[in-house]
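Have a look at the structure first.

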Amino acid sequence: TRYIGDWSSDVCSSDLILRFGVKQNFQLQGKGKFLLKSLISLLKHKNYNRIFLEVNTNNSGAISLYEQFGFNYKSIRENYYYESGVYYHAKIMQLTL
């Protein structure tokens, strides 16, 4: 995890994962699962209620990982990512802690 932003209010505490990733040569080794599990545990310990994240709809591996941890689809941001001349949508996901 590179950047994690958070905001708190009297109504709720939520966290937004701004960037989360594992370099390609370290993928499929359980490192992403370990990092995400650790982050979720930390935020639960700090009494956060929800975690929001966005992921490129083209990134099926990441979406699958988030779904394994109980993240649910909330909405789509159309044409959010631009890579190599192509626009991709961002899938917004939420985990209630």
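What follows goes from the overall fold to the core and then to a few side chains.

This is a predicted model, where local features need pLDDT of at least 70, side-chain atom pairs count only at pLDDT 80 or more, and totals for chains, interfaces and linings use all residues. Residues are numbered from 1 along each chain as its sequence is written, and side-chain values use heavy atoms, with hydrogens and water left out.

Let's start with the layout. The chain has two helices and five strands, and from the N terminus they come in the order β-β-α-β-α-β-β. Helices (H or I, at least four residues) and strands (E, at least two) are DSSP runs, numbered from the N terminus. With contact meaning heavy atoms within 4.5 Å, residues 24 or more positions apart account for 56% of the contacts with a separation of 6 or more.

The chain exposes about 6800 Å², and carbon and sulfur atoms supply 47% of that; the areas are Shrake-Rupley values with a 1.4 Å probe. Of the 97 residues, 30% are buried, as in under 20% relative accessible area, while exposed is over 50% and partly exposed in between.

The largest nonpolar core has 16 residues, and Leu36, Val55, Tyr66 and Phe71 touch the most other members. Such a core is a set of buried Ala, Val, Leu, Ile, Met, Phe, Trp, Tyr and Cys residues joined through side-chain atoms within 4.5 Å.

| Element | Residues |
|---|---|
| Helix H1 | 31-45 |
| Strand S3 | 50-56 |
| Helix H2 | 60-68 |
| Strand S5 | 86-96 |

Leu53 sits in strand S3 and counts as buried because its relative accessibility is 3%. Its C-alpha atom is 9.5 Å from that of Ala90, 37 residues apart along the chain.

Ala90 also turns up in strand S5 as the bridge partner of Arg77. Strand S4 (residues 72-83) and S5 run antiparallel, joined by eight bridges; two strands pair if DSSP finds at least two. Their hairpin has two residues between the strands, and Ser84 takes a positive phi near 50 degrees there.

So what sits over the face of Tyr80? That's Arg77, at 5.4 Å from the ring centre, where the rule wants NZ of Lys or CZ of Arg within 6 Å of the centre and within 35 degrees of the ring normal. At 41% relative accessibility, Tyr80 is partly exposed.

Rings of Phe, Tyr and Trp (its six-membered ring) pair if their centres lie within 6.5 Å, with planes under 30 degrees apart stacked, over 60 edge-to-face and the rest tilted. That gives three aromatic pairs. In one of them, Tyr80 and Tyr81 have ring centres 5.1 Å apart and planes at 85 degrees, so the pair is edge-to-face.

Conventions:
Buried means under 20% relative accessible area, exposed over 50%, partly exposed in between (1.4 Å probe, protein chains only).
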